[in-house]
Each structure stands twice: as C-alpha cells, then as structure tokens.
Amino acid sequence: MTEKILILDFGSQYTQLIARAVREANVYCEIIPYHKPVEITDDLKGIILSGSPFSVNDEKAPWVDILQMVSRKPVLGVCYGAQLTAKVTGGRVEKSEKREYGRALLQIEKENRIFKNVPTESQVWMSHGDTILELPADFELLAKTSSIPIAAFEYHGDINFPLFGLQFHPEVYHSEFGKTILKNFLVEICGCSQDWTPAHFVSDTVDALKKQIGNKRVVMGLSGGVDSTVAATLIHKAIGDNLFGIFVDNGLLRKNEFTQVLETYQQLHLNVKGVDASEQFYSLLSGVNDPEQKRKIIGRTFIDVFNAEAKQLEDISFLGQGTIYPDVIESVSVHGPSQTIKSHHNVGGLPEEMHLGLVEPLRFLFKDEVRRVGLELGIPHDMLYRHPFPGPGLAIRIISDITAEKVKLLQEADDIFISTLKEQGLYNEVWQAGTMLLPVQSVGVMGDERTYEYTVALRAVTSVDGMTADWAHLPYKFLGHVSNEIINRVRGINRVVYDISSKPPATIEWE
Ligand code: XMP
C-alpha cells in the first residue's frame with residue numbers, strides 16, 4: 001500500500017510546486033481539481049488545499065466542505081486554502097488594502113509541530129489579494145508577518161483530525177523553510193513514513209505492469225529521449241521481450257546518434273528494432289521551407305513508418321508510451337468551472353481497429369523523478385541528463401529546405417560544438433545547446449583560395465523549463481575555439497556566429 005497525499009487544486013500557478021515538494025520528501029501525492037470528489041481510503045494520509053487566483057468573497061468562489069474532510073483526514077490550507085478554512089468556520093476575510101506580493105518576514109508566535117526546526121523568524125513568499133482579519137473561535141494563532149496579523153493557524157475545535165492554515169506559500173523557493181514546514185505536515189501531522197523512493201516506485205510499478213499486461217505483447221516507439229527510454233526499461237523489467245520497441249531514424253538525428261542509442265538499448269537488453277527511414281523522410285521533405293510544413297510531414301511520416309512496422313508484429317495488445325505527469329494533470333481553469341485536459345497521446349496514430357490498450361508507467365512522475373528512476377534502473381547517466389532535443393530534430397535547425405548534404409554539414413558542426421562543451425565541462429552549465437545552419441552563404445578566404453560557403457549559428461541557453469531562457473554567457477575563448485574548429489574541419493562552412501537573444505522575445509529554436 002503506497003501512502004498518499006491529495007492536493008486539491010483551486011487553480012494556483014504554484015499547485016505543481018506543492019506536489020513536487022511533497023514528492024521530494026519521499027511521499028507520493030496526486031493533484032485533483034477541487035470539484036472532484038475526494039475518495040477517502042486507508043492509504044490517504046492527508047489533504048492539502050492549494051492557492052487560487054479567486055477571492056473567497058467572489059460570488060463564484062471555489063468551495064469544498066473542509067469540515068467534512070477534516071472529520072476523516074488531516075488538512076492543510078495554503079493561501080486561498082487557508083482563507084477558505086477561516087471563512088467557512090466563521091472568520092473574517094477581506095480584501096487587503098494593497099495586494100501583498102513577494103518576500104515577507106514570518107514571525108512564529110506559538111511553538112507548534114508544524115514549525116519543528118523552523119527558526120522564530122524566517123523569510124516566506126506571499127501572493128494574495130485577501131487577508132484573514134479575524135480567526136473564528138477555537139482557532140489558535142501560530143504566526144504573523146510584519147504586514148499581516150494572521151499568517152499561520154491551527155484549529156482546536158470539535159474535529160477528529162488536525163486542521164492548519166498557512167497564508168504564505170511554503171512550496172515556493174523563496175520561502176526559506178517552506179519545505180521543512182510541508183515536511184512537518186507530512187511527517188509530524190499526517191504520520192507519513194517517507195518511503196516513496198525510486199526503488200519503491202520501480203518495484204510497485206513493475207508489479208502493476210505485470211498485472212496489467214500479463215503475457216500479452218506491447219509495442220512502443222522509442223526516440224532515444226529520457227521518457228521513452230525509462231518507460232521502456234520499466235516495461236521490459238516487467239515483461240521482458242514481450243515488449244517490442246521501434247526506433248526510427250528519420251535522418252534528422254545528431255551525428256552517430258542512431259547507432260549510439262541503439263547500442264545503449266542493447267546494453268539495457270531492450271528488444272528494439274532500429275528502422276532507417278532517412279530516405280523516405282528526405283524525399284518527402286524535399287523542397288519544403290516552411291517550418292510548420294516540415295513538422296507536419298515529419299509527424300505524419302513517423303506515424304506511417306511506425307505503423308508499418310507495428311503491423312508486422314503479431315498479437316500486439318498494448319501501446320507503450322512515455323507520458324509524464326505534467327501532460328496529464330487536469331488543470332483548473334481560472335476563467336470558470338470548465339476544465340481543460342491536455343492531450344497526452346503524443347505517439348497517437350495507430351489504427352483504432354487494432355484496439356490497443358495504453359501502458360504509461362510514468363504517468364504520475366515529474367521529469368526530475370523520471371531521471372531518478374532511470375538511475376535506479378541502471379540507465380547511463382549521459383542518456384538521462386542529455387539536453388532536450390526537438391522531435392523534428394535537425395529539420396528545424398536547417399533554415400531552408402532539407403537535403404542529405406545539409407544534414408551532414410550541420411551534424412558535423414553540431415558535433416564539434418556539443419563535444420567541446422562536454423570536454424570543457426560546460427555541457428551541464430547550459431540547459432540546451434544546438435547549431436543552426438543558416439541559408440546564408442558568404443565570402444571567405446582560406447589559404448590563397450576564395451570561398452563561398454555556409455554560415456552556422458551556435459545557440460546555447462540557460463533555462464529551468466524552456467518556457468523562458470537566457471543566452472548562455474559562454475567564455476569567449478571557448479567560442480573562439482569552437483568557431484576555429486568548425487571552420488577548419490567542416491568543409492562547406494566558413495563563418496560561425498553566436499546567438500545572444502533571450503526568450504522571450506526570441507525562441508530557443510530558430511524555426
Ligand atoms: P522554443 O523554440 O519554442 O523551444 O523556444 C522550447 C523547447 O521546445 C523544443 N521544441 C520542440 N520539441 N517538437 C518538439 O518535440 C517541436 O516541434 C519543437 N519545437 C521546439 C525546443 O528544442 C526547446 O527545448
């Protein structure tokens with residue numbers, strides 16, 4: 001039985017951070033929209049109510065029956081969750097005179113298990129438009145800040161389980177002891193045993209996969225990326241060679257990538273067939289300049305190649321996928337009660353009549369957890385910590401039509417850039433790096449000869465999630481060295497530039 005915490009999402013931008021902080025404390029948790037019924041099971045150890053862009057005084061403010069919940073399990077309200085707790089129990093919540101946003105100094109007024117190992121004064125992060133002005137009877141004030149009188153409280157009324165409210169956001173990085181406070185809720189108050197580790201996840205998941213799949217067969221498209229590799233390794237651990245992997249070479253991978261990735265799959269004993277479909281991709285992409293067109297052609301051709309291979313396999317019952325948690329969390333819309341569910345069938349396309357079930361062993365993991373599970377499974381570190389690489393590959397880094405010759409030029413230049421980053425210990429300093437082949441030829445001189453050759457742009461960015469990014473401030477000496485190496489070693493390129501645009505307003509890829 002895996003102990004579980006439920007996080008009720010009221011639409012805060014920070015809800016996923018609560019989940020990640022809980023998981024970091026080795027406690028399993030799930031996020032559900034606040035309006036979904038909470039199933040009270042034995043393995044449920046506690047409930048956390050998230051923040052929200054709503055005010056508890058809005059006519060359509062999201063509402064849940066907190067007293068009913070706390071009659072069955074411990075509850076912690078965060079920001080909106082705390083205001084709602086105060087409001088439904090008879091307290092007074094009003095609009096703050098000014099919106100309180102940013103750092104604040106938390107001052108603990110009363111010792112409590114939720115503040116175990118937290119100093120009397122520490123920095124917290126606030127983001128709220130309402131303030132709790134009065135607590136109802138039976139509530140005990142635990143902490144204030146320099147600007148608000150009620151920052152943390154506990155209920156001592158006639159309920160079976162503890163009920164806490166925190167006006168600040170313990171889940172964000174700027175709350176210095178936020179993770180300690182959340183951990184105290186999990187351990188001291190909910191009694192969680194913190195045994196949700198990668199090893200535990202692997203053994204539970206392998207058991208569940210064995211049950212789900214039995215002696216049936218699974219087909220899966222592999223890309224060399226982290227998610228599909230970890231998912232396939234888990235499935236393989238459960239069902240061995242009844243997993244049939246297909247790895248398609250679209251001719252747009254990095255230099256030697258197809259062979260190297262296949263070798264790694266072999267080391268992992270995965271039953272994977274490599275399919276070289278480069279020519280098919282090149283011929284369909286011939287003369288196409290528009291990036292969206294390129295993406296469509298590549299997506300469609302991948303499905304065609306994958307389907308043709310999958311159909312040759314007999315008695316397949318399941319399709320394996322590397323879907324991860326951020327793709328499946330149902331988000332609460334801030335514009336009304338309607339909810340949006342992100343599409344998550346990213347390999348889609350296998351004919352409906354094959355009636356395949358889905359196998360998605362990573363459905364509940366965040367990306368960093370996928371990597372930790374990968375390490376547990378013995379997948380090489382380099383494979384797990386590679387830079388992100390776009391599905392359409394080098395096609396969207398060739399800023400014009402695609403030919404086999406251009407791919408070759410770009411592969412060579414990119415290989416020099418990436419391997420030099422690794423050699424000089426800079427690879428892990430940047431979030432993503434790559435090389436663009438520009439549709440610009442210019443004059444150069446080599447020895448006594450005049451050249452008229454291509455230009456490449458080097459791109460390296462720092463980022464947390466790819467949504468925003470800054471250009472990486474790589475040392476001039478390094479850039480100079482890479483430029484010399486590319487121009488001297490790659491015939492056909494005589495000019496190298498470095499992209500110093502941030503995202504926004506630019507993007508990471510050029511197309
Ligand atoms: P942009 O260029 O939008 O890139 O700043 C953000 C991240 O997304 C990757 N990217 C893609 N990944 N298919 C993918 O699988 C695509 O069409 C695609 N376009 C961009 C990009 O490499 C970066 O990590």
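This is a predicted model: local features need pLDDT of at least 70, side-chain atom pairs count only at pLDDT 80 or more; totals for chains, interfaces and linings use all residues.
Gly393 is buried, with a relative accessible area of 1%. Gly393 sits in the loop that runs between helix H12 (381–384) and helix H13 (404–423). If you jump from there to Ser317, you move 76 residues along the chain, and the two C-alpha atoms are separated by 30 Å.

Let us turn to the ligand. Around it you will find Arg295, Pro388, Pro390, Gly391, Pro392, Ile396, Trp431, Gln432, Lys503, Thr507, Ile508 and Glu509. By type, this shell divides into six nonpolar, three polar and three charged residues. Gly391 takes part through its backbone, with an N or O atom 2.9 Å from an oxygen atom of the ligand. On its own the ligand has 500 Å² of accessible area, and the protein covers 68% of that.

A cis peptide bond joins Lys503 and Pro504, with omega about -15°, and another cis bond joins Pro504 and Pro505, with omega about 5°. For context, most peptide bonds are trans, and most residues other than glycine have a negative phi.

Cys79, not a glycine, has a positive phi of about 55°; its place is the loop between strand E4 (75–78) and helix H3 (80–88). Cys79 counts as buried because its relative accessibility is 4%, under the 20% cut-off. Asp138 has a phi near 75° and is found in the loop between strand E6 (121–134) and strand E7 (139–145). At 46% relative accessibility, Asp138 counts as partly exposed.

Now for strand E11 (residues 243–249): seven of its seven residues are buried, so the strand is largely enclosed by the rest of the structure. Leu243, Gly245, Phe247 and Asp249 point one way from E11, while Phe244, Ile246 and Val248 point the other way. Strand E10 (residues 217–222) pairs with E11 in the parallel sense over five bridges, and Leu222 has Phe247 of E11 as its bridge partner.

Finally, step back to the whole chain, which is divided into domain 1 (4–189), domain 2 (198–384) and domain 3 (403–498). Taken over C-alpha atoms, the centres of domain 1 and domain 3 are 49 Å apart.

Technical notes: Residues are numbered from 1 along each chain as its sequence is written. Side-chain values use heavy atoms; hydrogens and water are left out. A residue is near a molecule or strand if one of its heavy atoms lies within 4 Å of it. A polar contact is a pair of N or O atoms within 3.5 Å; within protein, one must be able to donate a hydrogen and the other to accept it, and residues adjacent in sequence count only if both atoms are side-chain atoms. Accessible areas come from the Shrake-Rupley method with a 1.4 Å probe; for residues, only the protein chains shown count as cover. Ala, Val, Leu, Ile, Met, Phe, Trp, Tyr, Cys and Pro count as nonpolar, Asp, Glu, Lys and Arg as charged, and the others, Gly among them, as polar. Helices (H or I, at least four residues) and strands (E, at least two) are DSSP runs, numbered from the N terminus. Buried means under 20% relative accessible area, exposed over 50%, partly exposed in between (1.4 Å probe, protein chains only). Domain bounds come from an automatic or database domain assignment. Two strands pair if DSSP finds at least two bridges between them.
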